[in-house]
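Keep the 3D view open while you read.

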Amino acid sequence: MRRAYLDNNATTPVLPEVLAAMQPFFLEEFGNASSIHHHGQHTRAAVERARENVAELLGARSSEIVFTSGGTEADNLALFGLAQSGDHVITSTIEHHAVLNACKRLEQIGCGVSYVPADRQGIVDPDEVRRALRPNTKLISIMAANNETGVVQRIAEIGRIAAEADVYFHTDAVQAAGKIPIHVAEWKCDLLSISGHKIHAPQGIGALYVRKGTLLQPLFYGGRHERSRRAGTENVPGIVGLGKAAEIALNGFSDGSVARTAELRDRIETFATETIEWIGVNSGGALRVPNTTNIYFECVEGEAMVIALDLKGVAVSTGAACSSGAIEPSHVLTAMGLSGDRARASIRFSLGKQNTNEEVDLLLEILPEVVNRLRELSPVYNKKTVVSG
Ligand SMILES: Cc1ncc(COP(=O)(O)O)c(C=O)c1O
């Protein structure tokens, strides 16, 4: 069966080069990076090389990179590492749950949190961030690129506002890394999260950039790993994989692979909007990362469409979450002011480095028929066709 995996914002496949770089660290290079003997020295050197690669991707110094178990831990380390009871934190309504639910917890422990809205295109207005500042604001956490819509925020402007107010600035760049150039100095951020499995490294590895001089309260207590910023024996194979993936991600801006991903994404959007009626691109008017498109198909139930496409070999997703048995529409799309119906009818297509034109062909071959079939089951659609026909 032909298959196309177009859900790369959920996770990406590990690239063969990444796996090859990791493989020795499961076998002959098994040492603990803290050991002083030969085995430890080898793995320590590999960890430090990986740290340099990650730092290069972000325009940071290698001493400013802390390896974590992923994006969620990096976000939590940034937020809980800085904010304490009595502090005020500014974030947005469209953040990933790794930030939103961490902020809910901060509220429970006595922090004030302001949730700045996004507009209809999914853009957070930096002026709204400025207006939310209070004398006790400790931290601003606004994502660089949204996982559902791909919208790129005005991060450098928000960074400038934070710097002027002498407030720490964290950005969740999990969905920005490898898709748009990142430069922590230009973005004026003190903290920045990335995740390995969104850039073709394995699941369970990530990193937090921590600007020199930023004192973080650790999440874990244990050994003095990662300069006492993250206790626990390093995940050496994962770190090596992240380092290799970071190197490949950086090369992607000059070797044409990021541009190719954008072409595939644009093919999907152009075809869909030209051949299928009553659809539209959510955040189509905003600056977006090149690999993501979020399309609503009126009178189609998103979950049903995900299943119908999957049966034909194409993997995509909705931003919907299943909570207590009911399907909740995406909190991102509803926060942008889209109706529950439109949010439920929205599908995210997200591309990765491994995707080919042939895989996009498969999607485009089956998409109109799948949409038509689902619409035939919709009483609302039938009424619409009668009225407009
Ligand atoms: C924007 C964003 N932040 C954080 C995360 C969490 O990263 P991880 O899966 O590595 O914990 C994700 C994962 O979907 C994400 O998209």
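This is a predicted model: local features need pLDDT of at least 70, side-chain atom pairs count only at pLDDT 80 or more; totals for chains, interfaces and linings use all residues.

**The chain and its spaces**

The chain has 15 helices and 14 strands, where helices (H or I, at least four residues) and strands (E, at least two) are DSSP runs numbered from the N terminus. Its radius of gyration, taken over C-alpha atoms, is 22 Å, close to the 21 Å that the globule rule gives for 389 residues, so the chain is as compact as a globular protein of that length. That rule is 2.2 Å times the number of residues to the power 0.38.

Residues are numbered from 1 along each chain as its sequence is written, and side-chain values use heavy atoms, with hydrogens and water left out.

Now find the ligand. It has 13 residues around it, and the closest are Gly71, Thr72, Asp172, Ser195 and Lys198; to be near, a residue needs a heavy atom within 4 Å. Helix H3 (residues 71–82) gives the largest share of this shell, three residues. Sorted by class, the shell holds two nonpolar, eight polar and three charged residues. Here Ala, Val, Leu, Ile, Met, Phe, Trp, Tyr, Cys and Pro count as nonpolar, Asp, Glu, Lys and Arg as charged, and the others, Gly among them, as polar.

Look at the ligand's oxygen atoms next. A polar side-chain atom of Thr72 sits 2.6 Å from one oxygen atom of the ligand, and a side-chain N or O atom of Lys198 is also 2.6 Å from a ligand oxygen. For Gln175, a polar side-chain atom lies 2.8 Å from an oxygen atom of the ligand. Taken alone, the ligand exposes 390 Å², and the protein buries 86% of that (areas by the Shrake-Rupley method with a 1.4 Å probe).

The largest cavity holds about 180 Å³ of space. Of its 18 lining residues, Gly178, Lys179, His200, Gly352 and Lys353 lie nearest the centre. H10 supplies the largest share of that lining, three residues.

The largest pocket holds about 290 Å³. It is lined by 21 residues, with Lys188, Cys189, Asp190, Tyr209 and Arg211 closest to its centre. Its lining divides into ten nonpolar, four polar and seven charged residues.

Terms used: A polar contact is a pair of N or O atoms within 3.5 Å; within protein, one must be able to donate a hydrogen and the other to accept it, and residues adjacent in sequence count only if both atoms are side-chain atoms. On a 1 Å grid over the protein atoms alone, a cavity is a set of points where a 1.4 Å probe fits but cannot get out, and a pocket is an open set with protein on both sides within 12 Å along at least five of seven lines; lining residues have an atom within 4 Å of a point. Grid points are joined across faces, edges and corners, and a volume is the space filled by probe spheres set on the points.
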